[in-house]
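Okay everyone, thanks for coming.

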Amino acid sequence: MARQGSGAMLASGGLGFPPQNLARVVVWEWLNEHGRWRPYSAAVCHHIENVLKEDARGSVVLGQVDVQLAPYIIDLQSMHQFRQDTGTMRPVRRNFYDPSSAPGKGIVWEWENDNNSWTPYDMDICITIQNAYEKQHPWLDLSSLGFCYLIYFSSMSQMNRQTQRKRRLRRRMDLAYPLTMGSIPKSQSWPVGPSTGTPCSCPQCLLVNSTRAASNAILASQRRKLYPGAVRQSSTFAGGALWPAGTGTMTVAGGTAKGEGLRVPGGAFAPNQSLPNGAPLPGLNNLNRPGTQRAAGLGARAAIPPGVPALPVKNLNGTGPVHPALAGMTGILMCAAGLPVCLTRAPKPILHPPPVSKSDIKPVPGINGICRKTKKKHLKKSKTPEDVVRRYIQKVKNPPDEDCTICMERLVTSSGYEGVLSHRGIKPELVGKLGKCGHMYHLLCLLAMYNNGNKDGSLQCPTCKAIYGEKTGTQPPGKMEFHLIPHSLPGYTDSKTIRIVYDIPTGIQGPEHPNPGKKFTARGFPRHCYLPDNEKGRKVLKLLIVAWDRRLIFTIGTSNTTGESDTVVWNEIHHKTEFGSNLTGHGYPDPNYLDNVLAELLAQGVSEATLKD
C-alpha cells in the first residue's frame, strides 16, 4: 500500500505552493529525540493558531488548554517548545495536510498500551490507516512507514510481525484540526544558525535523522520518476548526507540485522532486465516480494568484486524501521547512475562484553563503593514556594519596559497570572531579578513556574537555563552498580571498561509524577552502560553518581520508542549501551561522547564543582 502524505502538498504550477483559495489543515507537531514528529491534539492546535493570529512572535502557554501540558510553553519566534520545570527545549513545526484527511475530519486512530490506556499514532500513520479504512481494505502493512506492524480492521487490532503480539486498536472522533487558506510556506521547524538552537547533534539522534533523510530522498526520487507532474514536499528535516564525501561506501541504518544479502553487479540495468544467469533484477514490481524470495531469485552468493563498494542494508526481511524496498531502490538508483554496488547483510551490533567471572570484576579506582541506592526525597517543610523564590531573587523597584518571558506581559504591568494564582505577600506587579544571570521576571510568574515543577527548592532561569540551588528530579527508587571489567571498548584499547548497571523495579507513582497513585512500568531493566576506564571516564562516572543521587538519570513519562505511557524513560543524559560496536549510535568509538555527556550533566546542574563540595 502506498504511503499517504506526511504533510504532503501537491504542487500548483510545479512550485510546491497551493493556489490562494486552497484550504489546508494545520497540525502543530514537536520533534522527539528519535527524529519523529509527534502531533499536538486538535484543541491545542486551535489554541496555538489563535495566539499566532494575534502575535506571530509571541509565546503560547499550553496549560491554558490542556492541564497535562501545564509545564510547557511554545516560543513562536524560535519555534521551540520549552518545559519550565526541566528546561528541556524541543523544536516544533506547523505542518499542513489535506482537509479530506483524518485530521481534517477529526478522526484519531489509537492503540492500547500495557496500562490499558490509549496512545495516538503519529499523524502520517493515522492518515495512512484512515485511507485504508475508507477504501475498505481488510488489512494494512505499516512496514513502508518504518514500523513492523500489521493492522487488521475486521478485529480492530495491531500485530507485531516479529513477536506476533496483538494489541487492540480503536478509531474515535475528536475535534477537527484548524483550517487555513492561501499560499502555505514549507513546514517550519527550528531556525538555522549557530546561536538560534539547533537539533540534537549526538550520535543517537544524528543516526535517526540521517536515516530518515536518506529514506525520504530515495522515495521522493522514485515518485518523481513515476509521477513527473507532481511534486511532493518532504515532511522530514534535512539530515546528513546519504554517504560521506570522498568515499564509495553508503550505509542505510536500521534495526537488528537479519535476512540474506542482495548482490547487484555494477552497470546500469532497466527494471525489467535480467542478470546473466536469467534471474530477474529486483525492480519496482518484485521489490514487494519477501526478502528470502528475492535473495533466492538472484542465485548463489558470490564474492564482492574488488573495488565495488558494499552497501550494508539491515532488515531485508522487512522486520525493522527500513523497508526492504528502500534497499532495492538504492541499488537501482546507484546502478542507474553507473555506480557499482553490492547490497550485503549488515553486521550485528555487539551489545554486551564477553562473559566475566566474579573474580575479574574489580572496584573502579578512585570511586568509593560499588553500589548506590535511591529513595524518595521529600522537601523540607520550612521551604515554602514563596521562600524559594525570594531566596534567589532581588526585588526591582523600577523594572524596564520589556517582556516577562514567562507570561509575555510587560514587566511594568501586572503578571499574566494575576487572578489565576494568588499568594500572600506577592503582589502581581512585583518584579524580581535572578542573582547570577540578572534576568528579570514577575515574582508571581516565577512562583507559578516553581509550582509546575518538582518543587525541590531550586529554580532554573527560563532564559539562560542557569540553575539556582540543587536541582533534583523525579527518578523512581532503584539501584545503581558500577565496577571494572577486563575488556576494552573500541577506541580505548589501552583501557579497561567501567560497567554501570541500573535497576529500577515497577512501582506506584508518587505525588511528583504524572499520575500519582497509578502503577508505572520499568522496561528493559537492568540496563548496562559503558565508560572507558581513564581519567575523563572516571570523572563522568563520579558525576553520574551525583546525578543518580539527585534522581536525574531517569524519570516517568511516555516512551518515544514504544509509545507506552507511565513508564521509566531516560532523562536527557545520554548513555552508551552498546559495548563492542556503534551500529545503533549508542556505542563506541565516539570520540566526542565524554565531552557531550559532561555538557549534558552541566545542563542539569551537575558539574566538577559538585565533586569538590
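So, look at Trp 139: its bridge partner in β10 is Tyr 152. This is a predicted model, by the way. That bridge belongs to the pairing of β9 with β10, residues 149-152, which is antiparallel and runs over three bridges.

Now zoom out a bit. These strands sit in an open sheet of six, ordered β8-β7-β12-β11-β10-β9, with antiparallel pairing. Which strands stand at the edges? They are β8 (118-120) and β9 (139-141), and each has a single partner strand, so one side of each has no neighbour in the sheet. From one strand to the next, the twist averages 30 degrees. Packed on the sheet you'll find helix α3, residues 123-134, which touches β7, β9, β10 and β12. The direction of α3 makes about 105 degrees with that of β7.

Okay, over to another spot: Thr 474. You'll find Thr 474 in the loop between β22 (467-468) and β23 (478-485). Is Thr 474 buried or exposed? Buried, with a relative accessible area of 14%. Its side chain makes a polar contact with the side chain of Thr 555, at 2.8 Å. Beyond its sequence neighbours up to four places away, Thr 474 also touches other residues, including Asn 454, His 513 and Phe 554.

Last, a word on confidence. The chain's mean pLDDT is 75, and 68% of its residues reach 70 or more. Over residues 184-199, though, pLDDT is below 50, and that stretch has 36 contacts in the model beyond near neighbours in sequence. Residues 313-324 are also below 50, with 48 such contacts.

Terms used. Residues are numbered from 1 along each chain as its sequence is written. This is a predicted model: local features need pLDDT of at least 70, side-chain atom pairs count only at pLDDT 80 or more; totals for chains, interfaces and linings use all residues. Side-chain values use heavy atoms; hydrogens and water are left out. Helices (H or I, at least four residues) and strands (E, at least two) are DSSP runs, numbered from the N terminus. Buried means under 20% relative accessible area, exposed over 50%, partly exposed in between (1.4 Å probe, protein chains only). A polar contact is a pair of N or O atoms within 3.5 Å; within protein, one must be able to donate a hydrogen and the other to accept it, and residues adjacent in sequence count only if both atoms are side-chain atoms. Contact means heavy atoms within 4.5 Å. pLDDT is the predictor's confidence in each residue, from 0 to 100. Two strands pair if DSSP finds at least two bridges between them. Axes are lines fitted to C-alpha atoms, for helices over the stretch in contact, and angles run from 0 to 180 degrees between N-to-C directions.
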